[in-house]
Amino acid sequence: RGCRGGAWQEGARWRDGAARSARVWDVLRRWRDGTRDAPAVAGGSPAAMIRFFLLQNRQGKTRLSKWYVAVEEAEKRKIEGEVHRIVTTRDGKYTNFVEFKTHKLVYRRYAGLFFTLCVDVSDNELAYLEAIHLFVELLDRYFGNVCELDLVFNFQKVYQILDEYVMAGEVMETSQQVVLDRMHEVEKIP
């Protein structure tokens, strides 16, 4: 109770870091063992997984494509075209999620860009809409009023931000400040 700052804050930071590290190692262990779709906890629901993340403009150019499952290159291009056709022709009065083959597309439009996630049918759509919004906020804070040209000319930084945010198809870090701090630390490396 009487402890202010110092050791208490350091302990809290250590516990948060240790918990995050434990989650990362758990994901990697499940990835290695091939038990990705096993329940996250005993009696719990299957672990949520993002199949792919696409960022496309209105003309159909894919500006970011991150796949978390193994798919042939030709099949990827075909899926990207189908996804673009679905999300751009869908009327605005409908929801931002639609069934796609055996999965579900969750998408959101920002200006002329469509951010699309493919997830399992049983996953929470609203959580993924929030995940898309958080990614856009990360880009906006990092680039300062982000536009499509920032994504084109700094694609490696966009992928790096996405990798800090999502690992192996699962959202790992939801703190904007932590992700941005990590990005600034990496920039300091010569």
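Q: Into which class does the relative accessible area of E75 place this residue: buried, partly exposed or exposed?
A: The model is predicted: local features need pLDDT of at least 70, side-chain atom pairs count only at pLDDT 80 or more, and totals for chains, interfaces and linings use all residues. Numbering starts from 1 along each chain as its sequence is written, and side-chain values use heavy atoms, with hydrogens and water left out. Relative accessible area under 20% counts as buried, over 50% as exposed, and in between as partly exposed (1.4 Å probe, protein chains only). E75 has a value of 29%, so its class is partly exposed.

Q: How many residues apart in sequence are the parts that E75 and K101 tie together?
A: E75 and K101 form a salt bridge with closest N and O atoms 3.6 Å apart; the term requires a side-chain nitrogen of Lys or Arg within 4 Å of a carboxyl oxygen of Asp or Glu. Helices (H or I, at least four residues) and strands (E, at least two) are DSSP runs, numbered from the N terminus. E75 is in helix 2 (residues 73-89) and K101 is in the loop between strand 3 (97-100) and strand 4, so the parts tied together are apart in sequence by 26 residues.

Q: Why is strand 5 largely enclosed by the rest of the structure?
A: Strand 5 spans residues 113-120.

Q: Which residue of strand 5 is the bridge partner of N57?
A: Strand 1 (residues 50-57) runs antiparallel to strand 5, joined by 7 bridges; strands pair if DSSP finds at least two bridges between them. The partner of N57 in strand 5 is L113.

Q: Which turn residue between strand 4 and strand 5 has a positive phi?
A: Strand 4 (residues 103-110) pairs with strand 5 in the antiparallel sense over 8 bridges, and V106 stands opposite L117. The two strands form a hairpin with 2 residues between them. In the turn, a positive phi of about 55 degrees belongs to A111.

Q: Are D120 and R51 buried or exposed?
A: The side chains of D120 and R51 meet in a salt bridge of 2.6 Å, N to O. This pair links distant parts of the chain, with D120 in strand 5 and R51 in strand 1, 69 residues apart. D120 and R51 are both buried.

Q: At what relative accessibility does R63 count as partly exposed?
A: R63 forms a salt bridge with E148, with closest N and O atoms 2.8 Å apart. The pair links strand 2 (residues 62-67), which holds R63, to helix 4 (residues 148-153), which holds E148. R63 counts as partly exposed because its relative accessibility is 27%.
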